[in-house]
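Thanks for making the time.

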Amino acid sequence: MAEIKDPENTIIMTLKDGDVTIELLPDVAPQHVARMKELARAGAYDNVCFHRVIDGFMAQTGDVANGNMEKDFNIGRAGTGGSDMPDVPAEFSKIPHARGSIGAARSQNPNSANSQFFINFKDNDFLNGQYTVYGQVTSGMEHVDAITRGEPPMNPDRMISVKVAADVQ
């Protein structure tokens, strides 16, 4: 596992093949980072599926309303919801959508991000300046690369657990 420099701004995401360490960027996108930590601390991301996984592009997850595979799960609805908290306004920056970066998923409205996010499989520069980047995978990208593909996948993978590193004993 990668060295954790700032446990309060690091996420440990457990996938079927192992842990993924994500360094959050509070100086770049403080509201998005705060939302991810709040949902992680509430356990809201646990058991949420990857509902849109496009080979050579990205893996999307985070629909805490409809994507929990342990609670009234319907893959057809996964990806259509968010949390019960208000949407987060865009926090665009010069940080590129590079391999392993975490981007805020949203509708056509730039200020509609809520709980969903995606992890880029490769550099996706065409997204720069259009979607908020608020984290970067620092270890475990091979586990992200192994997520089952599909829109939606027939048998989706899930985030088994998502924790803030400062809370992990």
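When I say helix or strand, I mean a DSSP run: at least four residues of H or I for a helix, at least two of E for a strand, numbered from the N terminus. Counted that way, the protein has 2 helices and 9 strands. Please keep in mind that this is a predicted model.

The order of elements, starting at the N terminus, is β-β-α-β-β-β-β-β-α-β-β. With a radius of gyration of 14 Å, close to the 15 Å from the globule rule for 169 residues, the protein is as compact as a globular protein of that length. Its C-alpha atoms fill a box of roughly 40 × 35 × 30 Å along the principal axes.

On contacts, take the pairs at least 6 apart in sequence: 69% of those contacts join residues at least 24 apart. As for burial, 51% of the 169 residues count as buried. The exposed surface comes to about 7,900 Å², and carbon and sulfur atoms supply 49% of that.

How many cavities of 30 Å³ or more does a search of the whole structure find? The search returns 1. The volume of this largest cavity is about 60 Å³.

Which residues line the largest cavity? They are H32, R35, M36, Y45, V88, A104, A113, N114, S115, Q116 and Y134. Helix α1, residues 30-41, gives the largest share of that lining, with 3 residues. Sorted by class, the lining has 6 nonpolar, 4 polar and 1 charged residues.

That is the end of my part.

Note on methods:
Residues are numbered from 1 along each chain as its sequence is written. This is a predicted model: local features need pLDDT of at least 70, side-chain atom pairs count only at pLDDT 80 or more; totals for chains, interfaces and linings use all residues. Side-chain values use heavy atoms; hydrogens and water are left out. On a 1 Å grid over the protein atoms alone, a cavity is a set of points where a 1.4 Å probe fits but cannot get out, and a pocket is an open set with protein on both sides within 12 Å along at least five of seven lines; lining residues have an atom within 4 Å of a point. Grid points are joined across faces, edges and corners, and a volume is the space filled by probe spheres set on the points. Ala, Val, Leu, Ile, Met, Phe, Trp, Tyr, Cys and Pro count as nonpolar, Asp, Glu, Lys and Arg as charged, and the others, Gly among them, as polar. The radius of gyration is taken over C-alpha atoms; the globule rule is 2.2 Å times the number of residues to the power 0.38. Buried means under 20% relative accessible area, exposed over 50%, partly exposed in between (1.4 Å probe, protein chains only). Contact means heavy atoms within 4.5 Å. Accessible areas come from the Shrake-Rupley method with a 1.4 Å probe; for residues, only the protein chains shown count as cover.
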